[in-house]
Amino acid sequence: MLRSRWLIHAVLTAPAVGMAVALVLGRLGVDPLDRLIDLTGLTAAVLLVVVLSLTPLARGFRGQGWIADLNRHRRAFGVSAFWYASGHLLAHLLYEGGLAWLTDSLDKPFIVAGLVAWTILLVLSVTSLQVWVKRLGGRRWKSLHRLAYVAAALVAYHLAVAGKGNPGLALGLFGSLLIIQTLRWVPRRSS
Amino acid sequence: MHYLKQADWQLPESAVTLEADYRARRRFLKTAGLGLASASLLRGTSLRGATAGFPSEPNPAYRPADLKPTPYDAVTQYNNFYEFGFGKDEPAVNANQGWETEPWTIRVEGKVNKPQTFDVNPLVKTIGIEQRIYRFRCVEAWSMVVPWDGFPLASLLAKVEPKRSAKFVAFTTALDREHMVGLRQQPRYPWPYTEGLRIDEAMHPLTFLATGIYGKPIPNQNGAPIRLVVPWKYGFKSIKSIVKISLTDRQPDTLWNQLAPNEYGFYANVNPNVDHPRWSQARERPIGAGFFAGKKPTLLFNGYTDQVASLYEGMDLRKFF
């Protein structure tokens, strides 16, 4: 069942649908745009952590077919992280009422971190198509896509420092990611 | 004249929520997904704190024609009151789960000739309340316009006769470990919430003690039954639910300055030219103005420059932020 692309895409779209429904029903509080900034950002961060966890999890739990199945959908997870991050950026621009905010805030490190992370996700999404693997060659493509880890670190910082500050959440999400990465070193069992 | 005798258990008429507001609030609560919880919430919205003194007289000196008040539901559902949770929608729920704000006393002491404890309702009846429409600017860069009902802080301080040695005024919020669920979420904060003003700031005519909003007793989530409003400073200076006021000769500690001294200063004057370390203070989001309202420019001293600039003459506002 987890091989189904449609199911995965449905699951990945569900948060966006949920947010849209909540917005229309007026369930997003006094300042819905403020809430949307938080929801889109959090969804993007979670998806980024998930996509970077899939391969180590698949390696660590070789017997579990469902993880291997999920692992085939890495591109969908990664690109959807980019879409939610873009929604987050758009919500911010709307909240601030224009691009003037960007120039005002370029001296704030956590905003720059977020923008750089978004740019990385943009580049990775565009080059996620098979044609790019051919154009760049497998090795260069793989090196480029390692930038996802840089994006993850930037997002962890951005999340920890933004707004009221969410150090606990950032630590929980990205600490888990670090721990999961250690599964890459699980030795191959001889069958 | 014919007086209708009311039973002890009956709330005074001033505590009755206007029907239109009652219905609007129920509709809002329903759509905010709080329909089921509204039974307990409505108990809170009977507004029991500081019920005395209404109806209040509008003070024409503080009623600028161009200031449009933020809708009541926004003012009472978008609150930073961390003792009742971090989310802005939490205090409206958590502060109305049995937290009693009437009766209430304030202790005023320190460098004064007549230290005493005041019962809030009789105090309000003695001084009388008026309504003022003030701008409110949160340090997080959003803002509101609020019609506050209350009286100048100076009127209360006059009753205790501050001594010449009193240079500062320190304020303390209530600490209720049973009802303030936020205390357990943030155990490392130096509770209770404290704030302070210089004596000339405290005695300034703009500095206000509010016991009501929009002509009704102030809701719990807004700092019932009595809170400070210092409109030319960031909102965190406007301490809520005051239990103690002390006059001192030394600058008092304040919670936010203790937690993050590089981000929250003692003066906290609204200033578009002095950024918060993590975000710009040049613009602010007007709450209730709509989804696409964007932000508008922030005014120095939140637009009260004429009234307060003289307090800070010669002071480096960047150093003393």
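These legends accompany close-up views of a predicted model of a complex.

**View 1. Confidence in the model and the make-up of chain B.**
For the complex as a whole, the predictor gives an ipTM of 0.87 and a pTM of 0.85. Chain B has a mean pLDDT of 87, and 85% of its residues reach 70 or more. Residues 1-24 of chain B are a stretch in which the pLDDT stays under 50, and the model has 20 contacts beyond four places in sequence for them; over residues 26-45 of chain B the pLDDT is likewise below 50, with 31 contacts in the model beyond near neighbours in sequence. Where pLDDT is low, the predicted coordinates should not be read in detail. Chain B contains 10 helices and 13 strands, and 56% of its 321 residues are buried. Among the contacts in chain B with a separation of 6 or more, 72% are between residues 24 or more positions apart.

**View 2. Helices α4 and α6 of chain A.**
Helix α4 (residues 74-96) and helix α6 (residues 109-126) of chain A have axes that come within 9 Å of each other and cross at roughly 140 degrees. Because an angle has to be over 145 degrees to count as roughly antiparallel, α4(A) is described as oblique to α6(A). The crossing of α4(A) past α6(A) is left-handed. On the α4(A) side the contact involves A:V79, A:A81, A:F82, A:A85, A:S86 and A:L89, which meet A:L115, A:W118, A:L121, A:L122 and A:S125 of α6(A).

**View 3. Helices α6 and α9 of chain A.**
The axes of α6(A) and of helix α9 (residues 147-161) of chain A come within 8 Å and cross at roughly 150 degrees, and the two helices α6(A) and α9(A) are therefore roughly antiparallel to each other. Here too the crossing, of α6(A) past α9(A), is left-handed. From α6(A), the residues that make the contact are A:P109, A:F110, A:A113, A:G114, A:V116, A:A117, A:I120, A:L121 and A:L124, and from α9(A) they are A:L147, A:A148, A:V150, A:A151, A:L154, A:V155, A:Y157, A:H158 and A:V161. The contact of α6(A) with α9(A) divides into 16 nonpolar residues, two polar and no charged.

**View 4. A buried histidine in a loop of chain A.**
A:H73 is placed in the loop between α3 (65-71) and α4 of chain A. With a relative accessible area of 8%, A:H73 is buried. Leaving aside residues up to four places away in sequence, A:H73 touches A:L2, A:R3, A:S4, A:R5 and A:I8.

**View 5. The surroundings of B:V308.**
B:V308 belongs to helix α10 (residues 305-308) of chain B, and with a relative accessible area of 0% B:V308 is buried. Apart from residues up to four places away in sequence, B:V308 touches B:H204, B:L206, B:W232 and B:F301. B:V308 and B:H204 are 104 residues apart in sequence, while their C-alpha atoms are 8.3 Å apart in space.

**View 6. The surroundings of B:S238.**
The loop between β10 (227-229) and β11 (242-248) of chain B holds B:S238, which counts as buried at 3% relative accessibility. Not counting residues up to four places away in sequence, the residues that B:S238 touches are B:F136, B:R227, B:L228, B:V229 and B:V230. The C-alpha atoms of B:S238 and B:F171, which are 67 residues apart along the chain, lie 9.8 Å from each other.

**View 7. Backbone details in loops of chain B.**
The peptide bond from B:E102 to B:P103 is cis, with omega near 0 degrees, and B:P103 is in the loop between α4 (90-94) and β2 (105-110) of chain B. A cis peptide bond also joins B:A224 and B:P225, with omega about -5 degrees; B:P225 is found in the loop between β9 (216-217) and β10 of chain B. B:A141 is a residue other than glycine with a positive phi, near 80 degrees, and its place is the loop between β4 (130-137) and β5 (142-152) of chain B. The relative accessible area of B:A141 is 1%, so B:A141 is buried. For B:N302, also a residue other than glycine, phi is positive at near 55 degrees. B:N302 is found in the loop between β13 (296-297) and α10 of chain B, and counts as buried at 2% relative accessibility.

Note on methods
Residues numbered from 1 in each chain as written. Chains lettered and ligands numbered in written order. Predicted model: local features only at pLDDT ≥ 70, side-chain atom pairs only at ≥ 80, totals over all residues. Heavy atoms only, no water. Axes fitted to C-alpha atoms, helices over the stretch in contact; angles between N-to-C directions. Helix = DSSP H or I, 4+ residues; strand = E, 2+ residues; numbered from the N terminus. Parallel < 35°, antiparallel > 145°, perpendicular 65-115°, else oblique. Left-handed = near helix turned anticlockwise from the far one by under 90°. Contact = heavy atoms within 4.5 Å. Buried < 20%, exposed > 50% of the residue type's maximum accessible area, 1.4 Å probe, protein only. pLDDT = per-residue confidence, 0-100. Nonpolar A, V, L, I, M, F, W, Y, C, P; charged D, E, K, R; others polar.
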